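Here is a short note to read beside the model.

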Amino acid sequence: MSRAIHFEKRNIQSVWWDVSIPFVSIFLALLSGAAFLAVLGVSPIDAYTTMFQASFGDSYGMSETVVKAIPLMIAGLAVMFSFRMSIWNIGAAGQIFIGALATTAAVRYTFVDNRFIMFWIMFAWAAVAGGLWAAMAGYLKAKWNVNEIITTLMLNYIAIHVVDYFIYGPWKDPSNLGFPMTAAFPEIARLPLLGTTRIHLGLFIALVFSFLFWLIFRYSRWGYE
């Protein structure tokens with residue numbers, strides 16, 4: 001007599017398992033990428049070697065990698081809340097775009113010649129705009145049970161085109177020699193840099209938020225629920 005096989009979630013997860021999961025995930029991602037590169041006739045070893053050297057081969061590459069990683073770290077923390085509640089927010093990219101658009105609007109229309117105050121104005125505008133953009137998918141999910149994977153994903157493309165409209169249109173800096181850019185932010189509206197690199201204070205903000213979220217999930221009743 002055959003017995004059905006079923007899977008059960010672990011009640012206790014070992015430290016070794018927690019440590020190994022990221023490394024296994026990275027390995028599988030590289031392996032699947034190598035398969036696609038091989039199909040395209042590109043040497044995976046040469047491609048990965050070039051990528052590694054450009055990202056970590058010198059101090060400039062490492063600093064630029066960190067700069068690109070900072071918004072991704074913060075966005076990853078944001079969508080983690082959704083994932084822990086089994087809500088699949090695939091719209092982080094669009095929410096970043098809309099947050100950046102709101103930040104630019106804050107600098108253009110509510111500029112204050114004080115770094116501390118200006119930072120909090122920009123922070124608030126970005127948080128509200130990105131949150132409202134995500135809330136559209138949340139409303140559709142709550143009201144008509146529309147799949148949030150589809151809505152958050154499609155909102156990414158709308159956000160990109162909205163930003164493109166302003167960059168190529170009314171906010172385009174005429175002094176940028178035809179390149180699609182807005183005018184550079186004043187120094188007051190920029191996060192302080194670390195040393196001679198382009199790494200900015202956002203790195204510490206991301207680390208602080210990481211620790212804060214860990215405390216919430218680990219020790220608060222709301223995080224447990």
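1. Start with the crossing. Helix 1 passes helix 2 in a right-handed crossing, that is, the near helix is turned clockwise from the far one by less than a right angle. Helices here are DSSP runs (H or I, at least four residues), numbered from the N terminus, and strands are E runs of at least two.

2. The contact (heavy atoms within 4.5 Å) is made by A29, L30, G33, A34, L37 and A38 of helix 1 with P44, A47 and Y48 of helix 2. Its residues are eight nonpolar, one polar and no charged. Ala, Val, Leu, Ile, Met, Phe, Trp, Tyr, Cys and Pro count as nonpolar; Asp, Glu, Lys and Arg as charged; the others, Gly among them, as polar.

3. A caution: this is a predicted model, where local features need pLDDT of at least 70, side-chain atom pairs need 80 or more, and totals for chains, interfaces and linings use all residues. Residues are numbered from 1 along each chain as its sequence is written, and side-chain values use heavy atoms, without hydrogens and water.

4. Now helix 1 itself. A kink of about 30° lies at I21, shortly before the proline P22. The bend is the angle between axes fitted to the seven residues ending there and the seven starting there. After helix 1 comes G41, with a positive phi near 85°.

5. Finally, the whole. The protein has eight helices and zero strands. Its C-alpha trace spans about 80 × 50 × 35 Å along the principal axes.
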